[in-house]
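Dear colleague,

Please find below the structure that I am handing over to you. My notes on it follow directly after.

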Number of protein chains: 2
Amino acid sequence: MKVFTEIASLRTYLKDERFRAAKGGQNLKVGLVPTMGFLHEGHASLLSEARKHNDLVVLSIFVNPIQFGPGEDFETYPRDSDKDLALADREGVDAVFLPSVEEMYPNPTKTTISVNELTAGLCGASRPGHFNGVTTVVGKLLHIVSPDNAYFGQKDAQQVAVITQMTRDLNMDVNIVPCPIVREQDGLALSSRNVYLSSEERKAALVLSRSLQLVKKKVEQNERTTVGELRKDLIQAIQSEPLSQIDYVEIVQFPGMTPLEDRLSTEDAHEDILIALAVRFGKTRLIDNVILTKKGL
Amino acid sequence: MKVFTEIASLRTYLKDERFRAAKGGQNLKVGLVPTMGFLHEGHASLLSEARKHNDLVVLSIFVNPIQFGPGEDFETYPRDSDKDLALADREGVDAVFLPSVEEMYPNPTKTTISVNELTAGLCGASRPGHFNGVTTVVGKLLHIVSPDNAYFGQKDAQQVAVITQMTRDLNMDVNIVPCPIVREQDGLALSSRNVYLSSEERKAALVLSRSLQLVKKKVEQNERTTVGELRKDLIQAIQSEPLSQIDYVEIVQFPGMTPLEDRLSTEDAHEDILIALAVRFGKTRLIDNVILTKKGL
């Protein structure tokens, strides 16, 4: 496994590998898994998926300052390169890209990639500027690696929708592959930020997956549930946990991210339905979601 | 010469050519000349430069609606594909990309690439939204063609600066090559929009190159000229032509596009100096510029 901290050397390596493969008559398929490190089994599932479908797998680890707002946890975001490299090695990664902030932003970027409409609600509303930071850095990483496939966790469902929209609108020649949420046995969605939780908060945070499963079952059993009822049920279920502070509870169409009016039935949706939550436990903001597929309604 | 109207077929062609070259041990160099068509000898000079330094030359012709503001000349912008294809053929172009608006924007784009600071003045100020349209479509074209080199005329000096900034900030793996302004024998900078001019306006428009040459000489002869004096001289020279209506007369550092205060001497600049004009003759807005190189001051 090779580790690169410089863009130029990663590029040279990838060009050489591609050129060598092409000389041998092979069109090298490259898969990219962009992460902020502090890897867990959710990331491992992305790497494993990438390993299955590509000749060469690149893992990028970069805590991207421009997607954090003022007062957010950029400085304290957990980092552990040694552990990350061990996991990458275990998953058969070919190349790890581990740039410094200076390497990625030798000067403050004057250029921004932004996606409108899809970023108006949910995390876009509660974290202003967040998605501009995400799309800009993902654009940079896609330009640096030029992958055939790029893998993203469905836990950040809005991010998946936004990045897919960006690559389509800008004709980026990459296939965006969303991968299912990976959970602990007790249901908690894996997140690098779970490490922030006290044991009490960790227990309280189970209310997220429990509430989502509750409303999912409700929809499956009763087709005429209205969006308003679902939202009410969700809010009630989450608030039953005293340590929880709701940031948002949203029910939107996916991947269009268009809102669904409260009076509508879940059957009225034209796309899948995303039920997404952002909830604080102490200082830690967690997100989770479930997708109700259109045909399943 | 091949002509493509579809993104997918152009991509397949380019991939096949690259792959075939690589199989033969050659790293195919691709040059892109993005234009809005109605080609003139200015464009021909870009194609000729591209032909010299690349194995495969792609010319794109696309009048990009999103870089035109309301009330601007998108609908009336001159178009002549047959003449363009003849010129492309003469210049040894390998592939022409001639997409429809629907092919480039099957849906209105939700994604925008924007460059700040450099776009604040000059054409960015007088044509709000223009550069977002330019950077977004150039981003798309760069993603579609993946050229090693892309060629742009220095007549749109601010555009050159903005696109260079975009490719650097976003780590786009392309070399942006600016090419000198091509002029008629009498000094008028070539532009597809010159066709709009009445014979009277055409004559009046000579004031642009004449005024720029005047101040350039002045600087060359007298190092202590202030920016304020230069601007005054320029405005006076242009206004001596009754058919002219000044849009802007700007003196900035290049390629940083940072303003120079009137009281400064041209010697105080840290970069080259761009003297740029936008002037209307009747309904036609023309731009022209000259660059004073730092060492030449």
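**Notes on the predicted model**

Leu122(A) is part of helix 5 of chain A, which covers residues 122-126. Please bear in mind throughout that this is a predicted model. The phi angle of Leu122(A) is near 50°, a positive value in a residue that is not glycine. Leu122(A) counts as buried, because its relative accessibility is 5%, below the limit of 20%.

**Cysteines**

How many disulfides does a search of the whole structure find? Over all chains, the search finds zero. Cys123(A) is in no disulfide, and the nearest cysteine sulfur, which belongs to Cys179(A), is 19 Å away. Cys123(A) has a relative accessibility of 7% and is therefore classed as buried.

In chain B, the cysteine sulfur closest to that of Cys179(B) is in Cys123(B).

**Relation of the two chains**

Chain B can be superposed on chain A by a rotation of 180° with a shift of 0.0 Å along the axis, and the RMSD is 0.0 Å. This is therefore the relation of a two-fold axis. Both copies use the same surface, since 100% of the contact residues of chain B recur in chain A.

**Domains of chain A**

Chain A is assigned two stretches as domains: domain 1 takes in residues 2-179, and domain 2 takes in residues 192-292. Taken over C-alpha atoms, the centres of domain 1 and domain 2 of chain A are separated by 27 Å. To the contact, domain 1 of chain A contributes 20 residues and domain 2 of chain A contributes 18 residues. About 1,600 Å² is buried between these domains of chain A, and carbon and sulfur atoms give 59% of that area.

**The loop between strand 8 and strand 9**

Several findings fall in this loop. In chain A, Pro255(A) is located between strand 8 and strand 9. Is the peptide bond from Phe254(A) to Pro255(A) cis or trans? The bond is cis, with omega near 10°. In chain B, the peptide bond that joins Phe254(B) and Pro255(B) is cis, with omega about 10°. Pro255(B) is placed in the loop between strand 8 (244-254) and strand 9 (272-281) of chain B.

Met257(A) belongs to the loop between strand 8 and strand 9 of chain A. Its phi angle is near 60°, a positive value in a residue other than glycine. With a relative accessible area of 8%, Met257(A) is buried.

Ser265(A) also lies between strand 8 (244-254) and strand 9 (272-281) of chain A. Is Ser265(A) buried or exposed? The relative accessible area of Ser265(A) is 3%, so this serine is buried. From Ser265(A), the side chain reaches the backbone nitrogen of Glu267(A) at 2.9 Å. Ser265(A) and Thr226(A) are 39 residues apart along the chain, yet 4.1 Å separates their C-alpha atoms.

**Two further residues of chain B**

Met36(B) is found in the loop between strand 2 (30-35) and helix 2 (41-53) of chain B. At 17% relative accessibility, Met36(B) counts as buried, because the limit is under 20%. Leaving aside residues up to four places away in sequence, Met36(B) touches Ile61(B), Phe62(B), Val63(B), Asn64(B), Gln67(B), Phe68(B) and Tyr77(B).

Arg127(B) is located in the loop between helix 5 (122-126) and helix 6 (130-145) of chain B. This arginine is buried, with a relative accessibility of 9%. What does Arg127(B) touch, not counting residues up to four places away in sequence? Its contacts are Gln67(B), Phe68(B), Glu72(B), Arg193(B) and Arg285(B).

With kind regards

Methods
Residues are numbered from 1 along each chain as its sequence is written. Chains are lettered from A and ligands numbered from 1 in the order in which they are written. This is a predicted model: local features need pLDDT of at least 70, side-chain atom pairs count only at pLDDT 80 or more; totals for chains, interfaces and linings use all residues. Side-chain values use heavy atoms; hydrogens and water are left out. A disulfide is a pair of cysteine sulfur atoms within 2.5 Å. Buried means under 20% relative accessible area, exposed over 50%, partly exposed in between (1.4 Å probe, protein chains only). Copies are superposed by least squares on the C-alpha atoms of residues with pLDDT of at least 70 in both. Contact means heavy atoms within 4.5 Å. Helices (H or I, at least four residues) and strands (E, at least two) are DSSP runs, numbered from the N terminus. A polar contact is a pair of N or O atoms within 3.5 Å; within protein, one must be able to donate a hydrogen and the other to accept it, and residues adjacent in sequence count only if both atoms are side-chain atoms. Domain bounds come from an automatic or database domain assignment. Buried area is the accessible area (1.4 Å probe) that two parts lose on being put together, summed over both.
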